[in-house]
Every structure is written in C-alpha cells, then in structure tokens.
Amino acid sequence: MMAGPLVQRLSDDCSFYAQLRRPGSKATGRSKLLALLYSRGLWLLLIHRVAHVSASNTAKPNLRSLKWWVARLFEGIGKYLATVCCKSEILEDCDFTGNVYLPNSGYLICGARKVGPGTLIHDHVTFGHAVANSKEGRPTIGANVWIGPDSIIAGPLTIGDGATILPGSYLTNSVPPRAVVKGNPARVVRGNFDNTALRSSLAVVHELPAPASHD
Amino acid sequence: MIDAFLADLQRYSGHSHTLTCALAVKLSMGYHGLQALLGYRLGRALLLARDWRFWLLLPFGWLLYFLISRYVRIAFDIRLDLSADIGPGLYIGHFGNIRVANCTLGTHCSIAQSVHIRPAATGAGPIVGDRVWIGAHAQIIGPHRIGTGSTISAGAVIQKDVPEHSLSLGNPARVILRNYDNRSILGITK
C-alpha cells in the first residue's frame with residue numbers, strides 16, 4: 001500500500017519529538033523510541049497520519065472491498081483512542097505537511113485545513129469554524145508557527161510563516177508572517193520576531209523577551 | 001428526567017427527525033455529550049426520587065450512575081456535577097475539560113469544550129438563563145447572572161452579570177452587541 005513513505009514519515013516525526021524533548025541533541029534510535037513511548041502527542045500524530053492516509057485513499061464508500069472495511073476499522077479505533085487517551089480530535093482531512101508537535105497533554109480540537117512544517121501546537125488549543133463572526137471557514141496554519149496553550153483560532157484565516165501566538169489568545173483575523181499575537185481579542189504585539197529559539201524546546205512562555213536593541 | 005433527556009436527544013437529532021428508539025441509541029453511542037447527559041439525568045433522578053416504589057432499584061441505579069459518570073469523566077473529561085441544575089435540552093458541542101458544578105442552567109443551552117461554569121473558591125455559583133450559547137474555553141466563575149438568550153463568545157471570561165440577548169466577548173468579558181439573536185447558532189428555530 002503506502003507503507004514505505006508512511007514509515008519514513010513516522011520515523012521523522014519521532015526524530016522531531018526526540019529533539020524537542022532534549023533540545024540540542026541528535027536523534028538516535030534509542031531517543032526516538034523513548035520519544036515514542038513517552039509522548040502522547042506523538043501517538044495522536046501517528047493515529048492522525050494513518051487516518052489521513054486511509055481517508056484519502058478510500059474516499060468513496062465501497063462496501064465490498066475488504067480494504068475499505070479495514071481502513072474504517074482502523075480509523076474508528078484510532079479516533080476513539082485519540083479521544084480517550086489524548087482528549088483530542090483532529091479532522092481527517094487536516095493535512096500536516098512535515099514535522100509538527102502536537103501536545104502531550106492533549107485537549108487539542110483541530111479543524112484546521114492545513115498545518116505547515118516545523119509548527120508547535122501546545123495543549124488546550126481549538127481550531128474551529130467561526131460562528132458569531134458571520135464568516136465561516138477553516139484556518140490555515142503556516143510553517144514554523146508557535147501556538148501557545150489555551151488558544152482559540154477560529155475562522156477562515158491564515159497564520160503566516162514564523163508567527164507566534166502567545167497563550168490565551170483568541171484569534172479571528174489572519175496573522176502576518178513573523179508577527180507575535182496576544183490577547184482576547186487578539187492583537188499583533190510585535191511585528192518581526194524570530195521564534196526559532198521558542199520552537200527548539202517544549203518550554204512555554206507567556207510574555208516575550210524585550211526586543212534586543214539594534215546597533 | 002426522561003422528558004429532560006428526550007429534550008437533550010432532540011437537540012442532537014436536529015429537530016427535523018422524529019425521535020425513535022433506534023435513533024436515540026444511535027445518537028447516544030455517537031455523541032459524548034449525550035453519554036455525559038445520560039449519567040447526569042440518571043443521577044439527578046436518583047437524587048430526587050421520592051416514590052417509595054423506586055427505593056429497591058436505587059442501589060442499582062447509583063451503581064449505573066457511577067459507572068457512566070466515571071467513564072465519561074475519565075474518557076472524555078466532561079464533569080456535570082450533580083450539584084448543578086441543568087434544564088432540559090443541553091447541547092454539549094465537544095468533549096474535554098468541561099466543568100459544570102453548583103450552578104443553574106436554563107433550558108436549551110449550548111456549551112462547548114473547556115467551558116467552566118462553577119463558583120469561585122467560596123460562594124454561590126452562576127445562574128444562567130435559557131437559550132444561552134456558551135462558546136469554547138469560556139469561563140463563568142462566580143455568582144453571575146447570564147440573561148436569557150445571550151451569547152458568550154469563545155474564550156470569554158465573565159466577571160459580571162450579562163444582560164439578556166447580548167453578545168459578550170473578551171477577557172474580561174465586555175458586552176459588544178445588544179439584541180443579538182442567537183437562534184441560528186443554537187439550531188433552534190422555534
């Protein structure tokens with residue numbers, strides 16, 4: 001079927017989590033295995049990748065095909081495990097291109113359309129449709145975004161590459177690249193912030209460090 | 001209590017289908033909110049049972065209540081405490097981090113994930129009116145009154161009373177719209 005690329009993809013995800021658990025170290029086979037055992041977010045990601053692949057391959061209902069039934073069975077079990085173990089729910093057609101960190105504490109409700117590579121999503125985050133805003137649609141997350149815990153991101157908005165969403169923000173408008181957003185309702189707090197240091201570990205910050213003075 | 005649970009089922013079935021037993025079972029197996037409400041309505045019925053003919057069934061009833069409510073609490077983290085008085089027709093949008101305790105909820109409310117409706121460390125709990133739509137991650141903590149038909153937007157942290165038919169948003173919550181009709185998002189047309 002699609003086993004080869006899928007296994008490679010899962011191995012890359014394990015490396016990503018291993019490097020996040022111990023910032024600055026190389027991902028060995030042993031650290032990848034430890035990451036797999038200890039990270040519930042990684043289980044959630046693996047379940048979602050399997051469900052995503054099987055959903056895209058078996059979109060048309062075909063009750064005669066054994067492959068279709070096996071896919072549905074795995075999807076059903078996976079979705080139940082994700083709900084009970086990780087308290088999370090990710091829509092099947094949400095496309096995680098590349099490495100992404102899903103929260104180990106869970107409570108992620110993800111209705112996003114697409115999430116770019118290198119993004120970190122922390123716990124208690126909701127990506128949803130906007131309702132009271134009279135704009136309905138699903139958000140699109142760019143690459144290298146850092147999303148802090150307890151955030152709500154709703155509506156047909158786009159989060160630019162390298163943006164930072166501080167914890168506790170409620171976002172309904174698009175975010176330009178490398179911007180820092182905070183608050184409920186969310187406002188851009190800083191226009192140009194490099195979040196590479198934030199994204200290299202699992203630490204959570206609630207305020208940004210003061211901007212360095214430019215020479 | 002059976003009427004209350006039937007009203008809950010009606011919220012999930014969309015009001016356009018007639019409620020048959022098969023539909024009720026199918027909905028209960030699919031929706032976590034209904035499983036939580038089943039436990040809650042059973043517990044409230046047991047708590048308020050006065051007829052002596054039911055007393056023999058009470059131990060089995062309490063066992064069933066504990067099984068259902070512990071399962072829902074551990075698996076989905078929805079806690080509908082028996083100290084809360086929830087009117088019929090509650091719709092629980094998503095699972096996860098839902099705490100409803102020591103409060104009064106009116107009929108046909110809607111709550112979503114990560115909603116806390118509970119008293120502060122000491123004191124009375126909130127009193128929520130009918131047909132209130134409470135968005136995700138909202139916090140109503142303390143003895144506040146939420147008016148009938150109002151809408152609490154996602155992420156709002158309520159710190160004072162909310163008037164009827166209004167739309168509140170933000171942390172701390174401010175009323176940003178008065179006379180906001182939330183029947184379309186509640187899914188109730190009548």
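1. The second largest cavity in this predicted model has a lining drawn from both chains. Chain A contributes Tyr107(A), Leu108(A), Ile109(A), His124(A), Val125(A) and Thr126(A). From chain B come Phe95(B), Gly96(B), Gln113(B), Ser114(B) and His137(B). The space inside amounts to about 40 Å³. By class, this lining has six polar residues and five nonpolar ones, with no charged residues.

2. How many cavities of 30 Å³ or more does a search of the whole structure find? The search finds two. The largest cavity has a volume of about 130 Å³, and 13 residues line it. Closest to its centre are Ile47(A), Lys79(A), Ala82(A), Ile90(A) and Glu92(A).

3. Which element gives the most to the lining of the largest cavity? Helix 4 of chain A does, with five residues. Helix 3 (40-57), helix 4 (66-86) and strand 1 (89-90) of chain A each supply at least two residues of this lining. The class division for the largest cavity is five nonpolar, four polar and four charged, whereas the lining of the second largest cavity has no charged residues.

4. On the contact between the chains, 25 residues come from chain B and 18 residues from chain A. The size of an interface is often given as the accessible area lost when the parts come together. For chain B and chain A, the buried area is about 1,700 Å², and 63% of it falls on carbon and sulfur atoms.

5. On the side of chain B that touches chain A, helix 4 (58-76) and strand 14 (167-169) of chain B each supply at least two residues. Helix 4 of chain B gives the most to that side, with four residues. The residues there divide into twelve nonpolar, eleven polar and two charged.

6. Over all chains, the structure holds ten salt bridges. One of them joins the side chains of Glu75(A) and Arg72(A), at 2.6 Å from N to O. Both residues lie in helix 4 of chain A, three residues apart, which is about one turn of the helix. Helix 4 of chain A is also the element that gives the most to the lining of the largest cavity.

7. Some backbone features deserve a look during review. Most residues other than glycine have a negative phi, and most peptide bonds are trans. In chain A, a cis peptide bond joins Asn184(A) and Pro185(A), with omega about 0°. Pro185(A) sits in the loop between strand 14 (180-182) and strand 15 (187-190) of chain A. In chain B, a cis peptide bond joins Asn171(B) and Pro172(B), again with omega about 0°. Pro172(B) is in the loop between strand 14 and strand 15 (174-177) of chain B.

8. Where is Asp150(A) placed? Asp150(A) is in the loop between strand 9 (146-147) and strand 10 (152-154) of chain A. Although Asp150(A) is not a glycine, its phi is positive, at about 60°.

Definitions and conventions:
Residues are numbered from 1 along each chain as its sequence is written. Chains are lettered from A and ligands numbered from 1 in the order in which they are written. This is a predicted model: local features need pLDDT of at least 70, side-chain atom pairs count only at pLDDT 80 or more; totals for chains, interfaces and linings use all residues. Side-chain values use heavy atoms; hydrogens and water are left out. Contact means heavy atoms within 4.5 Å. Buried area is the accessible area (1.4 Å probe) that two parts lose on being put together, summed over both. Ala, Val, Leu, Ile, Met, Phe, Trp, Tyr, Cys and Pro count as nonpolar, Asp, Glu, Lys and Arg as charged, and the others, Gly among them, as polar. On a 1 Å grid over the protein atoms alone, a cavity is a set of points where a 1.4 Å probe fits but cannot get out, and a pocket is an open set with protein on both sides within 12 Å along at least five of seven lines; lining residues have an atom within 4 Å of a point. Grid points are joined across faces, edges and corners, and a volume is the space filled by probe spheres set on the points. A salt bridge is a side-chain nitrogen of Lys or Arg within 4 Å of a carboxyl oxygen of Asp or Glu.
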